Amino acid sequence: MQETPLYTQRETKSLLTLGQAVLILTVLNVILFIISLSLGRYKIDPIIVSKAILGKVFPLKQTIDDTVKTVIFDIRLPRVLAALLIGASLSQSGAAYQGIFDNPLVSPFILGLSSGAGFGAALAILIGGNYLVVELFAFIFSIIAVLLSIFISRSQKSPNTVTLVLSGFIVSSLFTSLISFFKYYADPYTKLPSIVFWLMGSLSQISMKDVIFIAPIIIVSLILLYLLRWKLNILSLGNEEATLLGENPARLRSIIIFLSTLLTSLSVSISGVIGWVGLVIPHIGRMLVGPDFRKLLPVSTLLGAFYLLLIDDLARSISASEIPIGILTALIGTPFFIYLIRRGKYRWS
Amino acid sequence: MIKIDNLTFGYFDSEIFRNLSFEINEGEIFTILGPNGSGKTTLLKCVERLLSPKGGNIVVSGKDLRDYSLKELGRTISSVPQIHKISFPYTVFDMVLMGRNPYLDFFSLPSEKDVKIALEALKEVGIYHLKDMPYTDISGGELRLTLIARVLAQNTSIVILDEPTAFLDFKNEFLVLNKIRELRDKKNLTVLMTMHDPNQALRFSNRVLLIKKREVVALGKPGEVLTPDNLRKLYDIEAELLQIAGNTFIYPKGN
């Protein structure tokens, strides 16, 4: 109680009930889903898109051109689905990380996940691996980076949040310098652009195979984490209070870190580094429904899916050539955060 | 109710207390008094099983503390910590509802019944009107009452409070201690707490344990134990007992 409160009262008044928020976000997601499939160089009427989707689900008689179907289902659908899945994953795991570290300014990236992934991808590109090898390496090294951060912090006598975050910083620096080393030696005409492009994050290369490969694990992890949403409230009270409330905080924290890391690593492995989503979305979620994780977690998931799909639509339609989505999320995320901090609503530690 | 037998605790080579033995009876308010650094909080944390002692046993309701599962322990002993680290701005109601956690399965949420119990606890403590306030926005006294309501929602027979009046103003100090005694009477709770003010210990406890580094100065009824002699041993201070309108007050001598 000697500490300054994290938020002022205004911040915590929730605007919507859980039911309202879920309903509104679901409707928005459906509308945006259809619009996203109609957007692009080859414009398709949203009504035709709707008809084509309904035709996939129900056996309707259809008079839709095959080219249109190819564009909708083979070219645009994988990317749209990926945006929804990745947005949901990054946001839900971001909210979960904020709960277990009891800090509104953290995301899975603080444990070195993104630089680990970047290192893996750069290494794969350098040795001439195809896109599957790149995804696999990115995934494996992102997990290695997180494990390494946890391992380093464990060597301390009493590991706490600060040692864990500092370990994450060390691991991040290590992998970042290795990435620079790779960039320096990479062929500047073929491999360097691939590395740079991967690091900026993009959904343009995603195929249906990628989506089918990551979707089951992502959906199962999202559901498991969702089922643990009440426990996030308990964990956010800190180790001692969680123990006094009959919980095993170390075990619970490990499970939640595992699920969140899996979600983020799988996402990053197919999309490259897309920052700031996991930080920004839970904050907007908190403004909408308050800090209770029973409401915050589902709302962050739906909001994250909507947000990333919207940003990806912008990334591919603002200019004639595609803008890497990681640049856009950072350009939107950082000012938003500066705004929050300037309003004095958050402590830094 | 709680039997502490030959308890020794220390970090590395330094011992905080050694061979401590005493019993806490069902339904009593048992207060531990001692100077800063005497190991009061450490002792409480041993009973809460947050720290494990170097030697000795703690038996709670006839069962060794080490044999309790975490969940079982959460249904037997509840605590009001001295310092609550401010977290996300949950509502006062949500905070109290978290007291129901030891009764929930791994993947389940609080039920209608849990909500009822939490609301009942808020009424009992007298802070029902605060239920929708963010708990980060209420006063120190109200926060302490919120944590006491959480303890009630947890529905344990033993309640531990570490300096329940720390950081509170004159009025809230009295309010909180009175509430603790009232709830003990109503629910036959066994209360174990630490305190700094001998006058409050005198007024609100059934028995008092005076500890100084590594030794027990005295243990017994507050009127018998809180003597000028013992207070000198405990705090190195000269004090006298004043009788005013049938009440005893401890008054430190000096200018």
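B:Asn19 lies in strand 2 (residues 14–24) of chain B, where strands are DSSP runs of E of at least two residues and helices are runs of H or I of at least four, numbered from the N terminus. This is a predicted model, so to speak of local features takes a pLDDT of at least 70 and side-chain atom pairs count only at pLDDT 80 or more, while totals for chains, interfaces and linings use all residues. Residues are numbered from 1 along each chain as written, chains are lettered from A in the order in which they are written, and side-chain values use heavy atoms, with hydrogens and water left out.

Back to the backbone. B:Asn19 has a positive phi of about 50° despite not being a glycine. At 47% relative accessibility B:Asn19 counts as partly exposed, the class between buried (under 20% relative accessible area) and exposed (over 50%), with a 1.4 Å probe and protein chains only. B:Ala245, also not a glycine, has a positive phi near 50°. B:Ala245 sits in the loop between strand 11 (239–244) and strand 12 (247–252) of chain B and is exposed, at 77% relative accessible area.

Then there is B:Glu163, in the loop between strand 7 (158–162) and helix 6 (170–187) of chain B. B:Glu163 is buried yet has no salt bridge, that is, a side-chain nitrogen of Lys or Arg within 4 Å of a carboxyl oxygen of Asp or Glu. The nearest side chain of opposite charge, B:Lys40, is 4.5 Å away; Lys and Arg count as positive and Asp and Glu as negative, with His and the chain ends not counted. What the side chain of B:Glu163 does make is a polar contact with the side chain of B:His196, at 3.0 Å. Such a contact is a pair of N or O atoms within 3.5 Å; within protein, one must be able to donate a hydrogen and the other to accept it, and residues adjacent in sequence count only if both atoms are side-chain atoms.

As for the interface, 41 residues of chain B are in contact with 42 residues of chain A, contact being heavy atoms within 4.5 Å. The area buried between the two chains is about 3700 Å², with 64% from carbon and sulfur atoms; this is the accessible area (1.4 Å probe) lost on being put together, summed over both parts. B:Phe88, B:Asn101 and B:Phe106 supply 19% of the area that chain B buries against chain A, more than any other three residues. The rule finds 3 salt bridges across this interface, and A:Arg294 and B:Asp94 meet in a salt bridge (3.3 Å, N to O).
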